[in-house]
Amino acid sequence: MPRLLVVRSSFDIATKYLSSYAAKIVEQAPQWNVEVIDLYGADATLQNFEAKISDCDLFFGFGHANKDVFTGQNLEVILKASVNADELTNKKAYIAGCQAGVTLGPAAVKAGCPEFYSYQSDFTFVYDPTAYNNNDVLNDVYAQAFFDSALTTGYAILAGKTPKEVFDDTINRYDYWYDYWKKQNDPLADDVMTWLNWDRQGFIAITPNGLYTEPKTPSLLTAGIILPLGAAALLLLLSRE
């Protein structure tokens, strides 16, 4: 039975949203006969990652990242392109976080990772502060579109689809939610569509045989309530210290 290692930190607004939605992956993976090792919250550490990754066939990371690194709880570095990208050798990998498809992904594939999925730009989402304050993030009508699209990548990998199929499924899910929000009479509809398009264009699949990416098109970035899971969020967090 294939084994999936999930690392999902939870210590700020962005990671609490992401880890809450990522729990669906953990819950549903067994339907594809995939065993799950779930490093959640305080367990999302480098020590635990290193202890478990060698026994796994798949790796999904949900948390803050940038071009070179993926982090766990409280921003502890779990993967760094120039240090331990080879931990993903012979393992299909997906990092739902900012910019990991720029440097970390190619480094991992060069080291022997057969498939690496992530984003080339900041992963952003629109959210409802009331839903967050009420601990009801899974019913946040704005955030749902972003995280459902992101989870589609994981579901497609678990289903054993090809890199092209994983990529197409993800893009199609973003398109579904974009079309849905085009029909909504909501003051934040334009913002949701803008940032869905941003994430859609940033998604990338990397394999030894090439890349799957979406062409970049100009978009009007309107003002909204957004949280990037990467550099901007890290700067915001650090500025509070």
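**Close-up 1. Asn74 in the loop between strands E4 and E5.** At 56% relative accessibility, Asn74 counts as exposed, where buried means under 20% relative accessible area, exposed over 50%, and partly exposed in between (1.4 Å probe, protein chains only). The loop that holds Asn74 runs between strand E4 (69–71) and strand E5 (77–80); helices (H or I, at least four residues) and strands (E, at least two) are DSSP runs, numbered from the N terminus. Although Asn74 is not a glycine, its phi is positive, at about 55°. Most residues other than glycine have a negative phi. The model is predicted, so that local features need pLDDT of at least 70 and side-chain atom pairs count only at pLDDT 80 or more, while totals for chains, interfaces and linings use all residues. Residues are numbered from 1 along each chain as its sequence is written, and side-chain values use heavy atoms, with hydrogens and water left out.

**Close-up 2. Asn33 in the loop between helix H1 and strand E2.** Asn33 is not a glycine, yet has a positive phi of about 60°. Helix H1 spans residues 13–28, and strand E2 spans residues 35–40.

Close-up 3. Lys92 counts as partly exposed, at 23% relative accessibility. Apart from neighbours within four places in sequence, Lys92 is in contact (heavy atoms within 4.5 Å) with Asp57, Leu58, Phe59, Pro114, Glu115 and Ile157. Between Lys92 and Phe60 the C-alpha to C-alpha distance is 8.5 Å, with 32 residues separating them in sequence.

**Close-up 4. The open sheet of seven strands.** The strands are ordered E2-E1-E3-E6-E7-E9-E10, with mixed pairing; two strands pair if DSSP finds at least two bridges between them. E2 and E10 are the edge strands, each pairing on one side only. From one strand to the next, the twist averages 15°. Axes are lines fitted to C-alpha atoms, for helices over the stretch in contact, and angles run from 0 to 180 degrees between N-to-C directions. Helix H6 (residues 143–158) packs on the sheet, where it touches E1, E3, E6, E7 and E9, and its direction makes about 170° with that of E3.

**Close-up 5. Strand E9 with strands E7 and E10, and helix H8 across E7 and E9.** Strand E7 (residues 116–119) pairs with E9 in the antiparallel sense over four bridges, and Tyr117 stands opposite Ala205 in E9. Strands E9 (residues 203–207) and E10 (residues 210–213) are also antiparallel and joined by four bridges. The bridge partner of Ala205 in E10 is Tyr212. A hairpin of two residues joins E9 to E10. Helix H8 lies across E7 and E9 and runs at about 10° to E9.

**Close-up 6. The packing of helix H7 on helix H8.** Helices H7 (residues 163–182) and H8 (residues 189–202) pack at about 165°, with axes 9 Å apart. H7 and H8 are therefore roughly antiparallel to each other; angles under 35 degrees count as roughly parallel, over 145 as roughly antiparallel, 65 to 115 as roughly perpendicular and the rest as oblique. The contact involves, among others, Ile171, Tyr174 and Trp177 of H7 and Val192, Met193 and Leu196 of H8. By class, this contact has nine nonpolar, one polar and four charged residues; Ala, Val, Leu, Ile, Met, Phe, Trp, Tyr, Cys and Pro count as nonpolar, Asp, Glu, Lys and Arg as charged, and the others, Gly among them, as polar.
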